[in-house]
Amino acid sequence: MAERRDPRGRSLRGRITLVSTAIVAATLVVGALLFVLVLRTVLLDEVNNAVDRDLSQLQTTLEDTGTTTGFDVDDDEIFVQVTDASGALVTGSETLDGTPIALEKDSDAQVVRLPGEDAAYLVAVDEDNNVTIAAGRSLETIDESVSTVAWLLAAAVPLLLGVVALLTWIVVGRALAPVERMRREVDAVTATNLDRRVADPGRGDEIGRLARTMNSMLDRLDTSQRTQRQFVSDASHELRSPLASLRQYAEVAQAHPDRMSLGDLSEAVLDEGARLERLVRGMLLLAQVTERSLQATGRAVDLDDLVLAEARRLRDTMALTIDATAVGAARVHGDENLLGQVVRNLVDNAAQHAVGRVNLSVGVAAGQVVLVVEDDGHGIPAEERDRVFERFVRLDESRARASGGTGLGLAIVRETVQAHGGTVLVTAGDLGGARFEVRLPSADDGSQAGPDVHAPRPE
């Protein structure tokens with residue numbers, strides 16, 4: 001299986017195996033040392049208890065019989081020494097060869113080595129009636145036992161480490177196999193086959209969540225590419241119409257100069273040019289909104305000021321009743337230019353379809369700024385209310401083209417609002433026409449209650 005490797009040449013599988021083996025090795029070594037130390041301590045305690053029993057028995061025997069009867073003074077494992085007040089040897093083990101060994105009388109237990117021998121004894125000393133009695137046991141058995149255990153542990157630890165390393169290598173390899181398979185599948189995805197998906201193991205663990213996350217990412221990429229392709233296709237179609245009109249006017253003027261004067265040609269070119277300019281401007285703005293969707297929370301913007309400015313513009317340019325008495329103070333975080341374009345597009349859309357009245361309102365409700373634009377036109381059918389926000393959609397095709405509409409205004413509204421973390425929807429209004437409602441997070445973050453959505457505010 002091909003593996004991803006880090007710059008130092010070690011795969012993730014190798015690093016995990018190395019680290020886990022090192023941790024187990026340290027644990028085993030420390031555990032083995034502690035085990036040996038505890039074993040030696042326990043054995044020493046047992047020998048010390050045996051020495052105390054021997055010393056007590058030896059004292060009793062000497063008091064009763066005056067001899068060391070019951071003790072095998074020839075046994076190399078047992079040490080016995082009895083000296084008088086002058087330090088002369090009264091009786092003792094044959095290993096002493098008649099020469100007593102100097103002992104520390106104030107010590108309960110001490111390690112004694114016989115002259116010329118490597119054997120060591122744990123000895124207890126007691127003094128009674130000017131007689132010094134010493135009894136001890138050999139430590140050779142303890143040394144042999146501890147040494148045997150140490151050698152067994154020294155052989156077992158590497159074996160266990162090898163088993164741990166092998167099992168870790170196998171387990172990690174099997175755990176990473178789905179990840180490597182997903183990596184190969186994702187690596188095979190290109191711009192031409194974004195419909196491919198990673199095989200989902202159907203598990204609820206990290207591997208399953210990774211597969212679902214990758215598939216979700218591929219879904220978003222596929223949707224984005226489809227949107228871009230649709231946008232390019234729609235833009236090409238929309239651009240073709242004014243260009244074709246310009247070419248048609250030019251050909252008519254060239255072939256039949258008597259049918260089209262220079263003034264008519266200039267007027268037609270200016271109209272189609274203006275239409276083409278609006279279309280290009282709309283597409284550029286839409287691209288700008290998409291590009292800046294993650295950076296649209298720049299600074300605090302007074303949304304009510306933007307709405308009141310558009311209300312004044314409509315009053316100056318159109319013979320409509322513009323009611324802005326319900327516009328209250330409200331601030332949002334975002335790009336002032338883009339938010340201004342949202343307000344303008346909604347207001348222009350309402351003015352275009354209104355019969356004689358447009359109502360505007362702005363307020364704060366539940367920590368959100370609510371902008372409502374309503375007209376008294378014919379409204380939007382319920383089945384078309386989602387489609388009006390799509391790019392290049394015109395519900396009234398002939399009137400939209402005649403008025404210069406590009407079909408991008410509401411698409412710009414939706415994408416700009418979403419880029420600012422808000423929502424926009426259209427419903428039937430109280431005036432009989434369409435009611436557009438935009439909700440954006442309040443810049444005050446609920447610190448100020450603000451006016452109600454329908455609370456009036458004098459201009």
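Helices (H or I, at least four residues) and strands (E, at least two) are DSSP runs, numbered from the N terminus. Residue numbers start from 1 along each chain as its sequence is written. Because the model is predicted, local features need pLDDT of at least 70 and side-chain atom pairs count only at pLDDT 80 or more, whereas totals for chains, interfaces and linings use all residues; side-chain values use heavy atoms, with hydrogens and water left out.

The secondary structure of the protein comprises eight helices and 12 strands. Of its 459 residues, 38% count as buried (buried means under 20% relative accessible area, exposed over 50%, and partly exposed in between, with a 1.4 Å probe and protein chains only). Where contacts link residues at least 6 apart in sequence, 62% of them join residues at least 24 apart; contact here means heavy atoms within 4.5 Å.

Strand β3 covers residues 110-113, and its side chains alternate. The pairing of β3 with β4 is antiparallel and extends over four bridges (two strands pair if DSSP finds at least two bridges between them). Strands of a sheet pair through backbone hydrogen bonds, either parallel or antiparallel.

Both strands belong to an open sheet of five strands, arranged in the order β2-β1-β5-β4-β3 with antiparallel pairing. At the edges stand β2 (89-92) and β3, each with a single partner strand, so one side of each is left without a neighbour in the sheet. From one strand to the next, the twist averages 30°; axes are lines fitted to C-alpha atoms, for helices over the stretch in contact, and angles run from 0 to 180 degrees between N-to-C directions.

Strand β5 (residues 131-138) has six of its eight residues buried, so it is largely enclosed by the rest of the structure. Its antiparallel pairing with strand β4 (residues 120-128) involves eight bridges, and that with strand β1 (residues 78-83), also antiparallel, involves six. T132 in β5 stands opposite T83 and also opposite E127. Further along β5, R137 stands opposite L122. In the hairpin of β4 and β5, two residues lie between the strands, and N129 takes a positive phi near 55°.

A second open sheet of five strands has the order β7-β9-β10-β12-β11, and its pairing is mixed. Its edge strands are β7 (321-327) and β11 (423-428), each of which pairs on one side only. The twist in this sheet averages 15° from one strand to the next. Helix α6 packs on the sheet, where it touches β9, β10 (368-375) and β12 (434-441), and its direction makes about 25° with that of β10. Strands β7 and β9 (residues 357-365) run parallel and are joined by five bridges. V327 has V362 in β9 as its bridge partner.

Helix α6 also packs with two other helices. Two packed helices are described by the angle between their axes and the distance between the axes. The axes of α6 (residues 336-353) and helix α8 (residues 409-419) come within 9 Å and cross at roughly 140°. That makes α6 oblique to α8 (angles under 35 degrees count as roughly parallel, over 145 as roughly antiparallel, 65 to 115 as roughly perpendicular and the rest as oblique). The crossing of α6 and α8 is left-handed, a term used if the near helix is turned anticlockwise from the far one by less than a right angle, with right-handed used if clockwise. In this contact, L338, Q341, V342, N345, L346 and N349 of α6 meet G409, L410, I412, V413, T416 and V417 of α8. By class, the contact of α6 with α8 has seven nonpolar, five polar and no charged residues (Ala, Val, Leu, Ile, Met, Phe, Trp, Tyr, Cys and Pro count as nonpolar, Asp, Glu, Lys and Arg as charged, and the others, Gly among them, as polar).

Helix α5 (residues 303-317) packs with α6 at an angle of about 40°, with their axes 10 Å apart. The two helices α5 and α6 are therefore oblique to each other, and their crossing is right-handed. The residues L303, L306, V307, E310, R313 and L314 in α5 meet E336, L339, G340, V343, R344, V347, D348 and A351 in α6. This contact has eight nonpolar, one polar and five charged residues.
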